[in-house]
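Open the model in your viewer and keep the sequence panel beside it. Each stop below gives a selection, then what is there.

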Amino acid sequence: MPVNLVAYLFTTVKNRCLNHLRHKMIVQETANQLQEEYIITLRMNLDSLKVFDQNIFNEQDIEKVITQALNTLSPKCKEIFIMSKIEGKKQKQIAEELNISINTVETQIGIAYKKTKGRTEKLFTSIPLSLLFLETVLSNWRNSRLCIGI
């Protein structure tokens with residue numbers, strides 16, 4: 001009987017070790033796949049940026065694109081979007097100032113992003129590039145000397 005107990009313990013430990021190693025292999029394979037996907041995404045973003053020629057647009061062109069995109073919005077949506085992205089106000093602050101709910105502010109910002117993204121996509125063939133353009137311009141515009149008479 002003691003021999004069987006030793007064999008049982010040995011087999012149990014062996015199987016636990018094999019299960020642990022299999023689990024480690026699966027975790028490593030998953031990590032490798034995620035890393036490969038991340039590298040591919042970075043390469044796509046880098047390629048999009050390489051294609052983008054910053055000299056294509058001067059300040060007046062950027063100003064015109066922003067003005068046209070903002071003019072497609074309803075007055076209230078435009079006001080909320082400007083307060084959020086250009087003036088840099090928090091959603092809670094906007095909701096309090098306009099006496100509306102935070103959900104309304106979030107919804108209006110989402111609508112504004114969709115509409116302005118559509119306007120900038122017409123200029124670029126790459127969706128990530130148009131999103132990058134919109135985010136970059138809005139973040140820089142807030143702190144720049146551009147003024148489009150809003």
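Helices here are DSSP runs (H or I, at least four residues), and strands are DSSP runs too (E, at least two), numbered from the N terminus. The model is predicted, so local features need pLDDT of at least 70 and side-chain atom pairs pLDDT 80 or more, while totals for chains, interfaces and linings use all residues. Residues count from 1 along each chain as its sequence is written, and side-chain values use heavy atoms, with hydrogens and water left out.

**Stop 1: helix α4**

Select residues 91-98, helix α4. Which residues are buried in α4? They are I94, A95 and L98. Buried means under 20% relative accessible area, exposed over 50%, and partly exposed in between (1.4 Å probe, protein chains only). Look down the axis of α4: its buried residues fall within an arc of 100°, so they line one face of the helix. That arc is taken from the directions from the helix axis to the C-beta atoms. On the other side of α4, find K92 and E96, both exposed. Now step just past α4 to N99, which takes a positive phi of about 60°.

**Stop 2: a salt-bridge network**

Select E87, K89 and E97, which are linked in a network of salt bridges. A salt bridge is a side-chain nitrogen of Lys or Arg within 4 Å of a carboxyl oxygen of Asp or Glu. E87 meets K89 at 3.4 Å, N to O. K89 also bridges to E97, with the closest N and O atoms 3.0 Å apart. K89 is partly exposed at 22%. E97 is partly exposed too, at 43%.

**Stop 3: helix α3**

The structure holds three salt bridges. One of them joins E79 and K76, with the closest N and O atoms 3.8 Å apart. E79 and K76 are separated by about one helical turn, because they are three residues apart in helix α3.

**Stop 4: the aromatic pair**

Select F81 and Y113. They pair edge-to-face, 5.6 Å centre to centre, with 85° between the planes. Rings of Phe, Tyr and Trp (its six-membered ring) pair if their centres lie within 6.5 Å; planes under 30 degrees apart count as stacked, over 60 as edge-to-face and the rest as tilted. The pair links distant parts of the chain: F81 lies in helix α3 (residues 75-86) and Y113 in helix α5 (residues 102-121), 32 residues apart. F81 is buried at 1% relative accessibility, whereas Y113 is partly exposed at 22%.
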